[in-house]
Amino acid sequence: MKKFFVLAGVQLKAMLSSMRVGGSRKRAASGWAALLLAAGLCVYISGFYSFAIAGQLAEIGALHLLLLWVPAMAVIAGLFFTAFAAQGVVFGGRDADLLLSMPVPSLMVLGAKLIALYAENLVFCLFLALPAGAAWLWHGGGGGLLFVLRLLVGVLFLTLLPTVLSLAAGGVLSWLGGRFANRKAVNLLLYALLMVGVFVAGIQINLGVSALMAGELMAEIGDVSTGWELPFLWFQRGVCGSWGELGGFCLGMLALALLAAGVCARFYQQILTGLRSYGRRAAYRFQRMNAAGRRCALLRKEAERYFGTPIYLFNTGIGLVLMPVAGIAAVVMGGKLRDMLAQAGMGGMPLLSLAAAVIAFLVSTVAITGSSISLEGKCLWILKEAPIPARELLNVKAGFHLLLVCPCVLVYSVGMAWGLGLTLAEGAALLAAGAAFAGFTALLGLTANLCFPKLDALNDMVVVKQSAAAFAATLGGMAAALACGGVVCGLTVSGLAGETAAMGVCAGLLLAGCAILYGWLQTRGVERFQGLV
């Protein structure tokens with residue numbers, strides 16, 4: 001077992017060091033900081049929704065559903081975020097050949113990799129489930145310290161479920177993606193199908209719980225079983241008081257994990273060999289090459305990387321899809337949109353500020369420039385040696401970001417202005433604020449990527465989902481959105497300006513921030529770019 005613990009420690013250290021910011025002394029610290037940040041976000045999200053829904057469930061005597069719904073969402077979140085990690089770490093790691101050449105069984109190598117995958121899933125499951133447990137106790141669920149102990153034990157074994165599902169999903173994605181010549185297109189399709197499946201599963205769970213809360217399903221949950229809730233029902237019954245049910249659940253999850261690991265380890269070497277034996281032949285074709293200017297060539301290069309890297313596209317492109325969808329839906333609904341907001345209890349809210357808050361959140365999720373430089377990796381020297389000024393390279397990266405975001409902002413703003421019945425001035429203020437925020441986030445992401453580059457990542461997933469620059473770009477944009485919201489609230493509540501004027505002030509402040517960031521990029525940013533190795 002000593003060898004296993006050594007291998008597991010190496011994999012955990014690799015996971016932590018993948019998020020490092022600076023030198024060797026900061027590697028572990030930066031990794032722990034990233035994990036703590038993810039844990040804090042999970043606690044905030046779960047705490048907000050758990051306490052909100054627990055009160056409604058307690059009123060209808062269905063508080064136990066809270067411990068069925070939240071664990072299900074935790075498993076879905078873990079699968080969503082770690083299926084791609086399984087594809088890169090378990091089936092695409094660069095250290096696989098070295099590890100498998102050592103005098104250790106394949107099961108031990110695979111188990112060590114799964115420990116790192118388990119640790120990532122544990123962050124989601126534990127810190128999403130703990131606030132739900134607190135809401136259970138707050139609303140009179142009972143159980144005291146024994147309940148807390150059962151919850152902790154249950155979560156430790158519940159985490160095995162998303163780990164196994166991620167292993168299966170990562171294997172399928174890797175296997176199918178490697179058996180077709182056009183691997184990028186296949187990967188994009190597979191990633192899209194996986195994300196759609198995850199979203200559908202989440203929607204189905206939410207609809208089921210909503211129906212139960214509304215009293216539309218009068219039978220017990222066990223009588224209306226459709227299959228998905230069985231492991232979570234097992235978990236809920238064990239945590240709520242049945243030590244026998246909890247013990248059975250833990251043994252079941254452990255048996256599932258051991259079975260999956262054993263089957264995969266039995267054919268692990270063959271699987272990795274098969275993944276490397278397909279789709280490696282290059283197709284050479286004689287054709288006329290088209291000439292273009294250097295800016296067009298750089299933009300085409302950025303587009304090929306963005307749309308050809310599934311983890312990059314799907315991690316930063318959800319907001320690009322939701323903005324035009326929301327704008328078009330607002331136009332289709334027309335005046336019904338105001339009625340829907342009123343029924344949801346938001347009829348008295350300032351509609352312009354509400355629309356601006358939504359667009360700010362969606363734009364902040366599109367952190368394209370936060371990973372743009374790091375994804376160059378070992379090929380960065382090609383750009384640095386090209387006869388192109390560094391300033392122009394940085395401008396093109398920011399420009400590509402804006403070329404994708406600004407049309408979406410335009411469709412959203414026009415659609416919302418029509419659907420909410422905003423005046424021309426209010427619509428113009430919404431569009432100006434959205435465009436200014438898009439420019440600010442583009443420059444902020446580029447600045448963060450220059451300050452915290454990650455050029456030695458094992459795969460693209462580490463850069464896009466775990467690097468310090470990606471975290472800083474996304475969270476920095478959200479922090480800027482909150483600051484703008486504070487400015488609007490302060491100006492309107494104090495009576496210094498109306499809502500439209502306050503939105504114009506925010507647009508001006510964002511443009512001032514753009515000017516500061518652009519000035520830094522054209523001076524110190526260029527120096528940092530030239531110093532990257």
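**Helices, cores and salt bridges in a predicted model**

Of the 533 residues of the chain, 48% count as buried, in a model that is predicted. The chain contains 23 helices and 0 strands. Among contacts between residues at least 6 apart in sequence, 82% join residues at least 24 apart. The chain exposes about 25,800 Å², and carbon and sulfur atoms supply 70% of that area.

Nonpolar side chains tend to be buried together in soluble globular proteins. In the largest nonpolar core, which has 94 residues, L320 and M323 touch the most other members, and helix α19 (residues 390-419) gives the most to this core, with 13 residues. When residues up to four places away in sequence are not counted, M323 touches I359, L362, V363, V405, C408, V409 and Y412. A second, separate core has 41 residues, among them I53, L68, V75 and V239.

An α-helix has 3.6 residues a turn, so residues three or four places apart point the same way.

Helix α12 (residues 294-308) reaches 21 Å from its first C-alpha to its last, close to the 21 Å expected for its 15 residues, and its buried residues are L298, E302, R305, Y306 and G308. Side chains of opposite charge can pair when their charged atoms come close, and the count for the model comes to 7 salt bridges. E392 is buried, with a relative accessible area of 8%, whereas R294 is partly exposed at 42% and R295 is exposed at 52%.

A further salt bridge is formed by the side chains of E376 and K301, at 2.8 Å, N to O; E376 lies in the loop between α17 (369-372) and α18 (380-385), and K301 lies in helix α12, 75 residues apart. E376 is buried at 4% relative accessibility, while K301 is partly exposed at 28%. K301, E302, R305, E376 and K397 are linked in a network of salt bridges.

How values were computed:
Residues are numbered from 1 along each chain as its sequence is written. This is a predicted model: local features need pLDDT of at least 70, side-chain atom pairs count only at pLDDT 80 or more; totals for chains, interfaces and linings use all residues. Side-chain values use heavy atoms; hydrogens and water are left out. Helices (H or I, at least four residues) and strands (E, at least two) are DSSP runs, numbered from the N terminus. Buried means under 20% relative accessible area, exposed over 50%, partly exposed in between (1.4 Å probe, protein chains only). Contact means heavy atoms within 4.5 Å. Accessible areas come from the Shrake-Rupley method with a 1.4 Å probe; for residues, only the protein chains shown count as cover. A nonpolar core is a set of buried Ala, Val, Leu, Ile, Met, Phe, Trp, Tyr and Cys residues joined through side-chain atoms within 4.5 Å. The expected span of a helix is 1.5 Å times one less than its number of residues. A salt bridge is a side-chain nitrogen of Lys or Arg within 4 Å of a carboxyl oxygen of Asp or Glu.
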